[in-house]
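I am opening my notebook on a new structure today.

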Amino acid sequence: MKIKIKVHYIIYISLVALGILSFFLSFVIVNLNSKKSEKKSEKLILGFSQIGAESAWRTRNTQSIFEAAAANDIQIIFDDAQQKQEKQLKAIRSFIVYQVDVIAFVPIVESGWDNVLKEAKNAGIPVIVVDRQINADKSLYAGFLGEDSIGEGQKAGNFLIEKCRGYDTPVSIFEISGTENSSIVKGREEGFRDVISADKKFTIIHSENGDFLRSRGKEIAENLIQHARDSGNFKNDALYFDGQKIDAIYSHNDSMTLGLLDSFANYGINPADTIIISFDAEQKSIDALVSGKINCVVECNPNLGEMLMQLVKQVAHGKQIPRITYNNETVFTEDDDFSKYEPRGY
C-alpha cells in the first residue's frame, strides 16, 4: 500500500515538473519570437548633422531629408551645427556614443575630419558625406552624395563665354565666393576658371568671401557702392571696383546674390549691363531671373533626401555604395521660355 502511494506521488510530481518545464519552454519560445519580431520592427537610426539654416536652399535640403526618412521609416537624430565645425564634431561623437546605425553629415569645411571618422569606423558605424566633399582618407567613410561643384562652375563659365561671344573688349569679373575652405567653393572656383581661362579677355579682378550669407552679399554691394561714391565713380547703371567697371558678377549662391539685389534696390541702382550669375535656383532667384535682374542661375538641387535614405539602408545592411553619387541638376538662363518654369518649392 505504501509502495503504491509512493509510485502515485512520484508520477504526480513528475507530471507537475513536466508541466512547469513545458510552461517555461513555451514562455521562452514566445519571448524569443517576440524579441525577433521586435528586432525586425526596429527602425534604422540615422544620426544627421546639418551645417545650419543659412538659406532657403539649406532649409529645403533639411526638409527633404526628414520627409524621405519618414517615408522610409527611418528615425533621425538631428543636430544643427550653426556653421561651427567644433559643434559638428561634437554632434558626430554623440551619434557614436548613441550607437546609431548610420551617420550622415554636411561638412562645413573640407579638412579636420579624420579623427572623428576613425572613431566612427572603430565603432562599426558607416558614414555618408552629404552635399559638400571632404579631404580625408576615403576608407574612413562609405561615400559621398551631393552636387558636382566643378561641373556647376563649368556650366556658369560656359554661359558667360556664350553671353560674351561677340565682345571684343576685356570682361572684368567680380567674384563673391562662399564659405572659405569648403569643397563647394573650391569646385565652383575651379570649374569656372577652367572654362574662362580659354579666352584671355576674361579677368577676375577681385574675389571676396561672402560666406554664403545674404547679409554678406548686401554688405559687399554696399561697400562697392560707397567706394564708388567716395572715388567719384558712382553711377546708377553700373558697378565699380577700385575705379574699374564690373562687367560680370560671379556669385556662389542665391543668398549672396539676393543680398546684392537688396542693396541695388536700396540705392536705386539698376546695373542693366552687368552680367549676374548665381547658384542654387531658389524661387526668389528664379523670380529675379524672370524679371531681368539676374542673367543665369545654375541649379544646385537640395532634394537629396530619397537618394540618401536608399544609401543609408544599403550601408546599414553591410552593402557597399558608390564612392560618389551626384544629383540631377540643370541651368536656368535669360534665354529660357519662362512659361515652362514650375514652382521651385523653396
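I start with a definition: a residue is buried under 20% relative accessible area, exposed over 50%, and partly exposed in between. I also note that this model is predicted.

**Entry 1: K186 and E110**

I applied the cut-offs to K186. Its relative accessibility is 39%, so K186 counts as partly exposed. I then looked up where each one sits. K186 belongs to helix α6 (residues 183-196), while E110 is in the loop between β3 (102-105) and α4 (114-122). The pair therefore ties together parts that are 76 residues apart in sequence.

**Entry 2: D73 and K43**

Next I checked D73. It makes a salt bridge with K43, with the closest N and O atoms 3.4 Å apart. Which parts does this pair tie together? I found D73 in the loop between α2 (56-71) and β2 (74-80), and K43 in the loop between α1 (2-41) and β1 (44-50). These parts are 30 residues apart in sequence, so the pair links two loops. D73 is partly exposed at 41% relative accessible area. K43 is partly exposed too, at 44%.

**Entry 3: K201 and D199**

I looked up a salt bridge between K201 and D199. Here the closest N and O atoms are 3.8 Å apart. K201 is buried, at 15% relative accessible area. D199 is partly exposed, at 27%.

**Entry 4: the count and a network**

How many salt bridges does the structure hold? I wrote down 18. I also noted a network of salt bridges that links E54, R58 and D131.

**Entry 5: two helices**

I turned to helix packing. Two packed helices are described by the angle between their axes and the distance between the axes. For helix α3 (residues 85-98) and α4, I read an angle of about 10 degrees and axes 10 Å apart. Angles under 35 degrees count as roughly parallel. I therefore call α3 and α4 roughly parallel to each other.

Which residues meet there? From α3 I listed L89, I92, R93 and I96. From α4 I listed N115, V116, E119 and A120. Sorted by class, this contact has five nonpolar, one polar and two charged residues.

Definitions and conventions. Residues numbered from 1 in each chain as written. Predicted model: local features only at pLDDT ≥ 70, side-chain atom pairs only at ≥ 80, totals over all residues. Heavy atoms only, no water. Salt bridge = Lys/Arg side-chain N within 4 Å of Asp/Glu carboxyl O. Helix = DSSP H or I, 4+ residues; strand = E, 2+ residues; numbered from the N terminus. Buried < 20%, exposed > 50% of the residue type's maximum accessible area, 1.4 Å probe, protein only. Axes fitted to C-alpha atoms, helices over the stretch in contact; angles between N-to-C directions. Parallel < 35°, antiparallel > 145°, perpendicular 65-115°, else oblique. Contact = heavy atoms within 4.5 Å. Nonpolar A, V, L, I, M, F, W, Y, C, P; charged D, E, K, R; others polar.
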